[in-house]
Amino acid sequence: MKKSDLEKIVDKRCRHLQKEQAGLGENVEANHNFRVELKKLRALLRLLRHNGEQSHSFHLPKSLHQLYGAVGDVRSYQLQKTFVNLACKELAYPVPTGYMALLHRLEQEAIMRVKEKAKLVSVADLPEQLV
């Protein structure tokens, strides 16, 4: 693969990541899209590593991996809250307010971790680090 093609692809993935990074935390769609875009970038880098491209290491920074994990925690709490609400509605069962309050508190704590970790990540500088 030519370097210019590689740069275009990495730049595109990074632009998508940067777009979603602004809404990380409370925004369910931004959390989902950020994780999907990062998975796409990781898959590309994994392919390049196994394709014999030895001129670069093609690894994401540790801070980006940590942000990915923190966003995953928020996403898990958001999905669990949605699942519980839908299940209770479908079964005509009262929503367990104590459990929902716990999920909300854990989600808020996780959102704070995302915001802290997001400050340490510069997606704008990522293309230069990778190619």
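This note goes through selected features of the structure, point by point.

1. Basis of the note. The structure is a predicted model, in which local features need pLDDT of at least 70 and side-chain atom pairs count only at pLDDT 80 or more, while totals for chains, interfaces and linings use all residues. Residues are numbered from 1 along each chain as its sequence is written, and side-chain values use heavy atoms, with hydrogens and water left out.

2. Arg13 is placed in helix H1 (residues 3-21), where helices (H or I, at least four residues) and strands (E, at least two) are DSSP runs, numbered from the N terminus. With a relative accessible area of 13%, Arg13 is buried; here buried means under 20% relative accessible area, exposed over 50%, and partly exposed in between (1.4 Å probe, protein chains only). Its side chain makes a polar contact of 2.8 Å with the side chain of Glu37, a polar contact being a pair of N or O atoms within 3.5 Å, of which, within protein, one must be able to donate a hydrogen and the other to accept it, and residues adjacent in sequence count only if both atoms are side-chain atoms. When neighbours within four places in sequence are left aside, Arg13 is in contact (heavy atoms within 4.5 Å) with Glu37, Lys40 and Leu41. Lys12, also found in helix H1, is partly exposed at a relative accessible area of 39%, and its C-alpha lies 9.9 Å from that of Glu37, 25 residues apart in sequence.

3. Helix H2. The 23 residues of helix H2 (residues 28-50) should span 33 Å at 1.5 Å a residue, and the end C-alpha atoms are 33 Å apart, which agrees; the expected span is 1.5 Å times one less than the number of residues. The N-terminal end of H2 is capped by Asn27, a side-chain oxygen of which lies 3.0 Å from the backbone nitrogen of Glu29. The buried residues in H2 include Arg35, Glu37 and Leu41.

4. Tyr68 and the arginines. Arg35 lies over the face of Tyr68, at 4.1 Å from the ring centre, and the charged end of Arg42 sits over the ring of Tyr68, 5.4 Å from its centre. A charge counts as over a ring if NZ of Lys or CZ of Arg is within 6 Å of the ring centre and within 35 degrees of the ring normal.

5. Tyr77 lies in helix H3 (residues 62-91) and is partly exposed, with a relative accessible area of 23%. Leaving aside neighbours within four places in sequence, Tyr77 is in contact with Leu103, Leu106, Glu107 and Ala110; the C-alpha atoms of Tyr77 and Leu103 are separated by 6.1 Å, although the two are 26 residues apart along the chain. Among the buried residues of H4 are Leu103, Glu107 and Ala110.

6. The loop residue Ala92. Ala92 is placed in the loop between H3 and H4, and its phi is near 55 degrees, a positive value in a residue other than glycine. At 72% relative accessibility, Ala92 counts as exposed.

7. Cysteines. Cys14 counts as buried at 2% relative accessibility, as does Cys88 at 8%. The count of disulfides (pairs of cysteine sulfur atoms within 2.5 Å) comes to zero.
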